[in-house]
Amino acid sequence: MERIQALKAVAKALAEATRQLSETSDTPRLDAELLMAEALHIDRDRLILNPPDREPPKRFWTMVKRRTKGEPVAYITGRRAFWNIELHVGPGVLIPRPDSEVLIASAIAHFEGGEGPRRILDLGTGPGTLLLAALDLWPEATGIGVDSSRRALTYASANSRRLGFEKRARFKIGDWAEGIDETFDLILCNPPYVAEGETLEPTVVEHEPEEALFAGPEGLDSIRRLAPEIPRLLAPGGLAAIEIGATQGKAALSLLERDGLEGELAQDFGNRDRAVLLKWG
């Protein structure tokens, strides 16, 4: 009987939280489930399939209140899943997004049937998102993650240690590829690409770091900086995958396709242009 009462209490709390969050979130039920799972110290699958027989703790409602004020779920829970790994994140760090997974999927397709990349470079690594996901896929690989934010690199280093990659990943503060003089089999980059004045969700603008989002009037300033660096960094047979905005395909391809590199566009899971893939011709 106590278990039934606890399950009813969880269900009731989820319904009420969903109602409250519907005013500020496009995914109120999902948000409520993620927050409940965090409050109960379990994962969401366990919450749905086999919830524990205890009532929601008070901290659940504290987290719901934070979410109703627009704070991202990932900052509230302190973690975000990306590809096959889970990353710890927090305020001041760009939250990993599913759109960026097209870069990893493109790399898998490029190296399919071969040994995979041995050296990986992640420019603008944030909390280590792309580099650590790639190292998880290719156990023999090593790599470097670069970011201009010390806060982001603190998270990246901690994520690397937690995932057991500290001997294979090195993180350095830097201005894109400045000071890097080796070549890489795989270059991954999610640069800022939002145009100044472009409308974003308030939860993004108010909470995530501006320097990781905006890149000039057209959103292409960072890509212009990167374009001359890629040819000297990319090893023969390698792949560079650069994330872009959904309307930037033609312009970004024109900027990045140079010095013998040939490019193509890759689409995200919503069939929108999301990355420029560069290889040697």
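User: On what basis are residues numbered and features counted?
Analyst: Residues are numbered from 1 along each chain as its sequence is written, and side-chain values use heavy atoms, with hydrogens and water left out. The model is predicted, and local features need pLDDT of at least 70, side-chain atom pairs count only at pLDDT 80 or more, while totals for chains, interfaces and linings use all residues.

User: In which sense do β7 and β9 pair?
Analyst: Strands of a sheet pair through backbone hydrogen bonds, either parallel or antiparallel. Strand β7 covers residues 234–243 and is joined to β9 over four bridges. E243 stands opposite A275 in β9. The sense of the β7 and β9 pairing is antiparallel.

User: Is R274 buried or exposed?
Analyst: R274 is placed in strand β9 (residues 273–280). Beyond four places in sequence, R274 has contacts (heavy atoms within 4.5 Å) with residues including D99, Y193, E243 and D268. Buried means under 20% relative accessible area, exposed over 50%, and partly exposed in between, with a 1.4 Å probe and protein chains only. Because its relative accessibility is 6%, R274 counts as buried.

User: How many residues apart in sequence are the parts that R274 and D99 tie together?
Analyst: The side chains of R274 and D99 meet in a salt bridge at 3.7 Å, N to O, a term that requires a side-chain nitrogen of Lys or Arg within 4 Å of a carboxyl oxygen of Asp or Glu. D99 is partly exposed at 23% relative accessibility, and D99, D268, R272 and R274 are linked in a network of salt bridges. R274 lies in β9 and D99 in the loop between β2 (85–88) and α6, so the parts tied together are apart in sequence by 175 residues.

User: Which residue meets E38 in a salt bridge?
Analyst: E38 lies in helix α2 (residues 28–40) and its partner in strand β1 (residues 79–82), so the pair ties together parts that are 41 residues apart in sequence. The N to O distance is 2.5 Å, and the partner of E38 is R79.

User: At roughly what angle do the axes of α6 and α7 cross?
Analyst: Axes are lines fitted to C-alpha atoms, for helices over the stretch in contact, and angles run from 0 to 180 degrees between N-to-C directions. Helix α6 (residues 101–111) and helix α7 (residues 129–137) have axes that come within 10 Å. The contact is made by L103, I104 and I108 of α6 and L130, A133, A134 and L137 of α7. The crossing angle is roughly 35°.

Conventions: Helix = DSSP H or I, 4+ residues; strand = E, 2+ residues; numbered from the N terminus. Pairing = 2+ DSSP bridges.
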